[in-house]
Structure formats: C-alpha cells, structure tokens
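Morning, everyone. Let's take a quick walk through one structure.

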Protein chains: 2
Amino acid sequence: MITVLRLGHRVIRDQRVTTHVALTARAFGADSIIISGERDDGVIESIEKVCTEFGGGFGIEYAKNWKRVIEGWKKKNGVAIHLTMYGEDIDDKKEEIMEKCKERDMLIIVGGPKVPFDVYKMVDYNIAVGNQPHSEVAALAIVLDRLVGSEGRKKRFMSAKKRILPNPVGKTVVEGLLG
Amino acid sequence: MITVLRLGHRVIRDQRVTTHVALTARAFGADSIIISGERDDGVIESIEKVCTEFGGGFGIEYAKNWKRVIEGWKKKNGVAIHLTMYGEDIDDKKEEIMEKCKERDMLIIVGGPKVPFDVYKMVDYNIAVGNQPHSEVAALAIVLDRLVGSEGRKKRFMSAKKRILPNPVGKTVVEGLLG
C-alpha cells in the first residue's frame, strides 16, 4: 500500500499544485493521500469529484499534525520516503527501496517550499529526482513510475462513470457505469 | 533540440503551475520553453533567476500566437507532440517518436484546461501518460524521462553558481562559479 503525505498546504496559494499532487498520486498508483497544513475542503471535494467520475478506490483525508502521521507510520513498521532535491537519486536507491517495501507500506512525503528539517531526520529515505529545482508533482510522478511501474497507471479504477480510451487525434470518452 | 510550448497561460491563476512546467522542462532535458497565453514577466523572471543560480543553457520566451509557433515548427520540419489525457500512451509510441526525432527538433505542447481542437489536428502526435486526469507537470516529466532518459536530468548546467550534491539526510550545496 502506498500513501502520499502532502506537507504544509496553504489555502488558495497551493490549491492547484496540491490538486495536481493528489491527482498524480491517484493516476500513478498510490492508494491514498493525506493533506496536512491548512484544512482545505475545496481541494478534497475536487479530488472526490474526479474519483466519482473516473473511478474510486483512492482515499483522501486531512491531518492537522504531519509529525504524528510519520511517527504513526514508523510505529506500524512502514517505510517513509521524503522527496527533496537534496536527496539521493531515485535511480540509485530504487532497488533497495523496492526490496524494503516488499511487505511494508510506503509513505511518500512531498513538501512545499519550507520543509522542517525534522522530516529529513525522521524518514528512512530522502530521495531526489535529479538535484535541480523543479516540481513536487514531477518528482512524485517519476518516483511512483519507478516504484510501481507503468502498471500503476494502467490499473482499472472501480465504478468509473467515464473512461477515456487512447485516440491518436480526437477524444474518446466511454460513459456509463463501468466495472 | 527539444522545446516545450505552454498554451493558454493566465497571469496569477497559472503562475505556479507554469513555473513548475518550465522548471521541469529545464531539469528533465528540454532546451527551452515558449509560454503563450497572457504575457507574464514575473514567471519569466523567476525561471531566469533559477538559471542564474543553478546554471544556464535554457531558453525562455513569450509568444502571443501559439498557432504561429506550431506552424513555424512544422515548416522547419520539426515534430510536434501534444500531451493530452485523450492521446495514445507514451510507452506505446515512444520508439516511433524517437526514431522520427533522430534528426528533427521536437516541440512538446502542454495545455491548460481548454485546449483548442485545432491543436489536436495540427500536431504529429497526441500523447497521453495514462488516460486519467492528472497534471501537465507529471505528463511532461514522464514524457521527457522516456524520450531523453535520465541522462537529461544528469546533464551539467553551465555557469552554475550553486550545485546540489546527493545527501542521504542533509543538504549539500556547493557554491562558487562552476563550469
């Protein structure tokens, strides 16, 4: 099981980026997201709307205290991975992480601009996707791609009202309640 | 040569996501970005600031008319690839695209919410990263990862004032003008 923890969300300022993080988590094979920082029901509703339309099986919740989430994860023997441009490259650590997570749940932590240094010390891995500044959305996509594989993106979402089929030039949307 | 074309940028609303798109383009091996939509010097300056700090060799410009950009690209025998959740999966088309782009420049087009249907018809490829709604930042990261490889992320940026070295727990920043 893979959960994404989004740190330090701010209402209005981060709404779109946090929504991109959550949709990327869902589409690339994570099972749920926990958003911490300021409580933002708008973001939660917009993700739930996508789940209703394109299929469920993805959990979303708010947690006031991120520290307690990480501590709880570690207590339950889960593996915590923090994505940061300062970390070790995913391509160098991928196999070690996959081996370690064979029978343990994975918490992937993505921060905003100012991540408390405690996060770096509490986690099992600080992982980078290149050591250049870019985007937590890009980092999450690549890390899930490496750890789940493209199977993550190809999984079928249950109870989807809509499904999109690949089309070289137009838009193919299949509607109706699909299994 | 790879250029990214960002469609339909809106001042304020899209500032952060367009910045993430541009930084992802730079960090994953594209050579430049063209931003169309509303002119936004703030975004251009913030990308230029990153280039000054972390190294240059990445072009950024504004184009009022996106259609002219795509038409010009096609006239110069370039290949245009539009990223959309409705397209064909990158993993199915990757080899064909790489073969076609061996000696031709690549324009990767990322849209906002409402991309004119003309875009779908003008390009050589409409490409998806999974057929689920997620993020143009995630899609761009995966497509550049597939087409450039992780070498794109490992290239050295010229004239960087700062360079970050991988660190399992802390932050290692090397400063001073680096080649």
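Find L140(A). Leave aside residues up to four places away in sequence. What does L140(A) touch? The list runs V4(A), V21(A), T24(A), A25(A), L83(A), I108(A) and V110(A). Keep in mind that this is a predicted model.

Now the core. The largest nonpolar core has 102 residues. L140(A) is among the members that touch the most other members. I108(A) and V143(A) are in that group too.

Step back to chain A as a whole. Its secondary structure comes to seven helices and eight strands. Of its 179 residues, 42% count as buried. Next, take the contacts in chain A with a separation of 6 or more. Residues 24 or more positions apart account for 81% of them.

What about overall size? The C-alpha trace of chain A spans about 50 × 35 × 35 Å along its principal axes. A compact globule with 179 residues would have a radius of gyration near 16 Å, and chain A has 16 Å, so the two agree.

Last stop, the two chains together. How many residues of chain B are in contact with chain A? There are 42, and they meet 42 residues of chain A. On chain B, several elements each supply at least two residues to that side, including α2 (41–54), β4 (79–89) and α6 (136–148). The largest share, six residues, comes from α1(B). By class, the side of chain B that touches chain A has 20 nonpolar, 13 polar and nine charged residues.

How values were computed:
Residues are numbered from 1 along each chain as its sequence is written. Chains are lettered from A and ligands numbered from 1 in the order in which they are written. This is a predicted model: local features need pLDDT of at least 70, side-chain atom pairs count only at pLDDT 80 or more; totals for chains, interfaces and linings use all residues. Helices (H or I, at least four residues) and strands (E, at least two) are DSSP runs, numbered from the N terminus. The radius of gyration is taken over C-alpha atoms; the globule rule is 2.2 Å times the number of residues to the power 0.38. A residue is buried if 20 or more other C-beta atoms lie within 10 Å of its own, exposed if 12 or fewer, and partly exposed in between; C-beta atoms are placed from the backbone. Two residues are in contact if their C-beta atoms, placed from the backbone, lie within 7 Å. Ala, Val, Leu, Ile, Met, Phe, Trp, Tyr, Cys and Pro count as nonpolar, Asp, Glu, Lys and Arg as charged, and the others, Gly among them, as polar. A nonpolar core is a set of buried Ala, Val, Leu, Ile, Met, Phe, Trp, Tyr and Cys residues joined through C-beta atoms within 7 Å.
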